[in-house]
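Reader: I am new to this structure and would like a friendly walk through it. Could we go step by step?

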Amino acid sequence: MKTVILLIDFKGHPALGGEYLNNRRYAEVQRILTDTKIDRSQIIFAVSKGNKDVKLEELKFMAKHLNIKYYEYDLDTTFDELKQQLLNFHNFKIDTSDTQIIIGGCNTAGCVIKSTKPMNAIQSHIKGYITTIYLPMCAEYEQPGINDVERTMVSLVEVYKWIKKFRAYKITLETNYSALNLPKKWPSSTQ
């Protein structure tokens with residue numbers, strides 16, 4: 001299955017979050033990039049522009065050198081436009097019948113699930129894509145709380161409310177890397 005790793009407003013507001021949470025999100029992206037069991041021809045990172053960040057630039061550099069496709073999209077891009085852009089720029093054809101969208105970013109209860117921007121988990125579900133919010137790649141800065149744990153608890157309640165509102169029960173929230181169903185390489189055959 002083809003996989004789009006959609007990173008929405010990934011840089012976020014690192015000054016407002018704890019160092020652990022900020023580093024954890026980037027480490028999870030790096031984990032995907034360096035997983036040698038992934039079929040790299042079946043995966044692409046789609047990252048929203050306007051997130052200039054030293055760590056993201058380094059991950060972009062790594063992706064290029066690991067032969068993993070990386071595409072930066074404008075914030076007002078729709079899923080239909082992204083589909084065409086990925087085909088035009090990377091010859092990467094996505095379709096609801098064979099593509100999953102795995103989402104990470106900031107803020108979990110904002111841009112990730114419901115933002116005013118045209119790409120988020122709700123819109124991915126409405127378009128018919130298999131949609132997973134991978135929580136280790138998410139952070140919450142906008143919700144009230146005195147630390148990352150409290151802000152995350154509040155944000156997950158908001159995420160659940162939006163899933164209920166849109167009856168988007170097929171959206172998966174995941175913390176387990178091995179459950180992401182990333183495209184795997186076929187074992188080489190020896191004759």
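**A walk along the chain**

Author: Happy to. This is a predicted model. From the N terminus on, its elements run β-α-β-α-β-α-β-α-α-β-α-β.

Reader: What radius of gyration does the chain have, and what would a compact globule have?

Author: Let us begin with the box that the C-alpha atoms fill, roughly 60 × 35 × 30 Å along the principal axes. A compact globule with 191 residues would have a radius of gyration near 16 Å. The chain agrees with that, as its own value is 16 Å.

Reader: Which share of the contacts between residues at least 6 apart in sequence joins residues at least 24 apart?

Author: Here a contact means heavy atoms within 4.5 Å. Taking the contacts between residues at least 6 apart in sequence, the share that joins residues at least 24 apart is 78%.

Reader: What part of the 191 residues is buried?

Author: A residue counts as buried when its relative accessible area is under 20%. The accessible surface of the chain comes to about 10,000 Å², and 53% of that belongs to carbon and sulfur atoms. As for the buried residues, they make up 48% of the 191.

Reader: Now to the aromatic rings. How are the rings of Phe10 and Tyr26 arranged?

Author: A pair of aromatic rings is described by the distance of the centres and the angle of the planes. The count comes to 4 aromatic pairs. For Phe10 and Tyr26, the centres are 5.1 Å apart and the planes stand at 80°; planes over 60 degrees apart count this way, so the pair is edge-to-face.

Reader: Where in the chain do Phe10 and Tyr26 lie?

Author: Both Phe10 and Tyr26 are buried. They are 16 residues apart, and their pair links distant parts of the chain. Phe10 is in the loop between β1 (2–8) and α1 (19–34), while Tyr26 is in helix α1.

Reader: How far apart in sequence are the parts that Phe79 and Tyr129 tie together?

Author: Phe79 and Tyr129 form a tilted aromatic pair, 5.8 Å centre to centre with 40° between the planes. Phe79 is buried at 2% relative accessibility, and Tyr129 is buried with a relative accessible area of 7%. Because Phe79 lies in helix α3 (residues 79–90) and Tyr129 in the loop between α5 (121–127) and β5 (130–139), the parts they tie together are 50 residues apart in sequence.

Definitions and conventions: Residues numbered from 1 in each chain as written. Predicted model: local features only at pLDDT ≥ 70, side-chain atom pairs only at ≥ 80, totals over all residues. Heavy atoms only, no water. Helix = DSSP H or I, 4+ residues; strand = E, 2+ residues; numbered from the N terminus. Rg over C-alpha atoms; globule rule 2.2 N^0.38 Å. Buried < 20%, exposed > 50% of the residue type's maximum accessible area, 1.4 Å probe, protein only. Areas by Shrake-Rupley, 256 points an atom, 1.4 Å probe, with all protein chains shown as cover. Phe/Tyr/Trp six-rings, centres within 6.5 Å; stacked < 30°, edge-to-face > 60°.
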